[in-house]
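Colleague: Before I plan around a model like this, could you show me how to read its features one at a time, with the general idea before the particular case?

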Amino acid sequence: MLFKKKLPEPIKKTKIELVREYTLKAFFITLGAFIVAIGLEMFLLPNKIIDGGVIGVSMMISYLTKWNLGLLIFCINIPFILMALKNLGQKFVIQTFFATGMLAIATNIMHGRQATEDLLLATVFGGIILGFGVGLILRNNASLDGTEMVSINLAKKLKIISVGELLMFINLFIYMGAGFLYGWDRALYSILTYFVAS
């Protein structure tokens, strides 16, 4: 007689282990948010170079209106984060709210601290720093950009286009906007920043 092998039950974590896990996640998300803020405030923003997605849109609105950049990033992300609740889960949404909140605080702390006026240095090092910070946040199951979440949802529904292709399509319009606002040289530097960060 054959017996079905029982699958081992998942090991439940103790309260101490859960607290340690979430504390570490919060630390790395906060660190990632501050690294992103350094890339934005010290390299990209003073040189009129933008990032893609919600952050890029927020940078352009902030430039035109003089409204607070961190607050714009947080507010514009809210509807996208709420849209992601069904598909990406409550845990991801809470951590993403935390990440965007930390970025809002970090951009205000880092505001007005320019590292370089050299456009190439700002593009390359701004992109590297931005990519490192965003990567740290993504590795800890959170996001800073609502357009990524929209792209994931649309790609699942359409099934004929990848997340990366959708992101590139959305960012194309954002960089065109940057070209009209800052000049086409700044738009090209912005595209280069995007690829360096990627």
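This is a predicted model: local features need pLDDT of at least 70, side-chain atom pairs count only at pLDDT 80 or more; totals for chains, interfaces and linings use all residues.

Modeller: Residues are numbered from 1 along each chain as its sequence is written, and side-chain values use heavy atoms, with hydrogens and water left out.

Colleague: How many residues does helix α5 have, and what span does it reach from its first C-alpha to its last?

Modeller: Helices are DSSP runs of H or I with at least four residues, numbered from the N terminus, and the expected span of a helix is 1.5 Å times one less than its number of residues. Helix α5 covers residues 90-110, which is 21 residues, and reaches 30 Å, close to the 30 Å expected. Just after α5, G112 takes a positive phi of about 85 degrees.

Colleague: Which residues have the most contacts inside the largest nonpolar core?

Modeller: In soluble globular proteins, nonpolar side chains tend to be buried together. A nonpolar core is a set of buried Ala, Val, Leu, Ile, Met, Phe, Trp, Tyr and Cys residues joined through side-chain atoms within 4.5 Å; buried means under 20% relative accessible area, exposed over 50%, and partly exposed in between, with a 1.4 Å probe and protein chains only. Here the largest core has 31 residues, and those with the most contacts inside it are L40, I50, I55, M59, L103 and L144. Helix α1 gives the most to this core, with six residues. Leaving aside residues up to four places away in sequence, I55 touches L40, I73, L103 and L144, where contact means heavy atoms within 4.5 Å. A second, separate core of five residues includes A84, F92, V93 and M149.

Colleague: How many aromatic pairs are found in the whole structure?

Modeller: A pair of aromatic rings is described by the distance of the centres and the angle of the planes. Rings of Phe, Tyr and Trp (its six-membered ring) pair if their centres lie within 6.5 Å, and planes under 30 degrees apart count as stacked, over 60 as edge-to-face and the rest as tilted. The search of the whole structure finds seven such pairs. The rings of Y63 and Y182 have centres 4.8 Å apart and planes at 65 degrees, so this pair is edge-to-face. It links distant parts of the chain, with Y63 in helix α2 and Y182 in helix α8, 119 residues apart. Y63 is partly exposed at 32% relative accessibility, whereas Y182 is buried at 14%.

Colleague: Which residue forms a salt bridge with K91?

Modeller: A salt bridge is a side-chain nitrogen of Lys or Arg within 4 Å of a carboxyl oxygen of Asp or Glu. K91 pairs with E21, the closest N and O atoms being 3.9 Å apart. K91 lies in helix α5 and E21 in helix α1, so the pair ties together parts that are 70 residues apart in sequence. The whole structure has two salt bridges, and R186 forms one with D185, at 3.3 Å between the closest N and O atoms.

Colleague: Where is N68 found, and which side chain does a polar contact join to that of N68?

Modeller: A polar contact is a pair of N or O atoms within 3.5 Å; within protein, one must be able to donate a hydrogen and the other to accept it, and residues adjacent in sequence count only if both atoms are side-chain atoms. N68 is in the loop between α2 and α3, and its side chain is joined to that of N108 by a polar contact of 2.5 Å. The side chain of N68 also reaches the backbone nitrogen of L71 at 2.9 Å.

How values were computed: Helices (H or I, at least four residues) and strands (E, at least two) are DSSP runs, numbered from the N terminus.
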